[in-house]
Amino acid sequence: MTTDEQSEELICIPGQRICPLTDETISGEGTYERAGYIYSNLAGILKFRKSDKLTYIDVISPKNKTILPIPGDVVTCRIQVINQRFAKCLIIGIGDVVLNRHLRGILRKEDVRAIDKDRVEIYKCFRPGDIILAKVMPQTEIHTYQLTTAENELGVVVAIARGQDVPMVPIGWTEMQCPITLVKEPRKVAKLMPESKLQAVIKTEFIKEEPIDK
């Protein structure tokens, strides 16, 4: 019989790599498998379930709600269009809530980074299709939310390699790399929880030390 296990509450976003796929750790609800890893299929709360000797990795999404962001909220967005001055995007989630109606957002060049604002080049920070975390600023335009990524924890969290249907891997704060071709692409990378911490949570919850025979 499958039982829900209590664990540290962690938030995942669509496409986020959670942990390696193993014989004991497998994909569950709200996740999928790709290239030996388990990825989140939606925005939600990371949960672990234990059944026999298997650990199921689930991402549970709260019930969709119609809410609006306020200044200071961290939102999940998908980049749509970029030019030299700004990036237009769709807001698809607010915090851990998945929106059932997407909202329009705009990320201006001067709001991408906290320093060297005059040297920012949008095309080296974002590309259409990227999933980013951003923070809502005071609204200055009707029906469009002004966003910023000028914090270490904000920026690109999921980017698909050009010509390959695989997410790229961050290799620094300004670059991501295709795991297949090893081609590097510039991005403004968000500082997310490292995979090592996610694995540590799994081990803490489910890998118990066996008693030592004396």
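At which residues does UniProt place the feature "domain: Exosome complex component CSL4 C-terminal"? The unreviewed UniProt entry puts this domain at residues 100–137; such annotations may be inferred rather than shown by experiment, and feature names are shortened. The model is predicted, with local features requiring pLDDT of at least 70 and side-chain atom pairs pLDDT 80 or more, while totals for chains, interfaces and linings use all residues. Residues are numbered from 1 along each chain as its sequence is written, and side-chain values use heavy atoms, without hydrogens and water.

Over residues 100–137 the chain is 0% helix and 39% strand, with the end C-alpha atoms 22 Å apart (helices are DSSP runs of H or I, at least four residues, and strands of E, at least two, numbered from the N terminus).

Valine 75 is in contact (heavy atoms within 4.5 Å) with residues including Ile91, Ile132 and Leu147, neighbours within four places in sequence being left aside.

Three strands form an open antiparallel sheet in the order 3-6-5, pairing being assigned from at least two DSSP bridges. Strand 3 (17–20) and strand 5 (31–34) each have a single partner strand, so one side of each lacks a neighbour in the sheet.
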